[in-house]
Amino acid sequence: MTITDADCLAETLAFNKQFEATAASRPARGETLDATVLASLRRNRLGGNTPPVRLPQGQDRVVADGVKVRAFVPDRVDGVYLHIHGGGWAFGSASGQDERLWHLAEQARLAVVSIEYRLAPEHPFPAGPDDCEAAARWLMDHAAAEFGTQRLLIGGESAGAHLSVMTLLRLRDRHGITGAFRAAHLLFGPYDLSMTPSQRSFGSKRLLSNTDTVRGSYELFTPEMGAEQRRDPEVSPLFADLSGLPPARIVVGTEDPLLDDSLFLAQRWQTAGAPVRLGVVAGAMHGFTLFPLTITERELRRERDFLATA
């Protein structure tokens, strides 16, 4: 394991400490989200207390099976990035990162199509994965006509990284499709919903995610499932056969309860035969790319370069 960005560690840890201090004045999320907290999380930008900015460049559309997407199409398009947002399968939205996605579209010359998948607890597993599968199949059939290219990429953050891997596995296992997506970009995802050692041992530190909030997300997404049921490869991709998947870039921070998930997935991905770039960011907490940090600037540049050249 190679750890990057050690030169930024002091800044990163100082931000973490400040975040913890601020979080101490807010209600703890714990293992359950009451309706008021969930409504606030859905109303505001991920990691913040203000609504997200909606840009006029975003185009809201409805595609296969009624699935909604938000598309960002720059003047030049060399590929299409199917983006799946994070938020513990229960909040977040396709319109929650307009500024970041539009910047990525322009800089990497990609049409970015972000999926508005159905959210738990109103729509628990398998609703979200079903929507992502439908959007991926629509894009395979229509990318050439819609965007002038069949160069497809997929990825997302946190729960969106999990859903990205599940989508690739569903395409392979349900439809015999491999190779349609040329690369996967996976930021700090949960890949074992029965909980890896790092998830269990992280504890109650009031960073963006901890042991209790991770467990609570699983309860919302997969209600009434026990640990053994959550080890089903259709729920936890760490237990799946990973053969036939595309090259991947997998990123996580050392202060993330999901650290083991990325380390284990990268090893299994590579063993299954596909190239993997693993990035482990010194001191970074879960969701660090949501915040104005040096490591965020660097990571977004690495993401852009990977997707532009994959």
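The axes of helix 3 and helix 10 come within 10 Å and cross at roughly 45°. Axes are lines fitted to C-alpha atoms, for helices over the stretch in contact, and angles run from 0 to 180 degrees between N-to-C directions. The crossing of helix 3 and helix 10 is right-handed (the near helix is turned clockwise from the far one by less than a right angle). Helix 3 contributes Arg100, Leu104, Gln107 and Ala108 to the contact, and helix 10 contributes Leu300, Glu303, Arg304, Leu307 and Ala308 (heavy atoms within 4.5 Å).

The model is predicted: local features need pLDDT of at least 70, side-chain atom pairs count only at pLDDT 80 or more, and totals for chains, interfaces and linings use all residues. Residues are numbered from 1 along each chain as its sequence is written, and side-chain values use heavy atoms, without hydrogens and water.

The second largest pocket holds about 410 Å³ of space. A pocket is an open set of points on a 1 Å grid over the protein atoms alone, where a 1.4 Å probe fits, with protein on both sides within 12 Å along at least five of seven lines; lining residues have an atom within 4 Å of a point. Its volume is the space filled by probe spheres set on the points. Of the 21 lining residues, Arg45, Gly96, Gln97, Glu99 and Leu290 are the closest to the centre of this pocket. Helix 2 (35-43), helix 3 (98-108) and helix 10 (294-309) each give two or more residues to the lining. Helices are DSSP runs (H or I, at least four residues), numbered from the N terminus. Helix 3 gives the most, with three residues.
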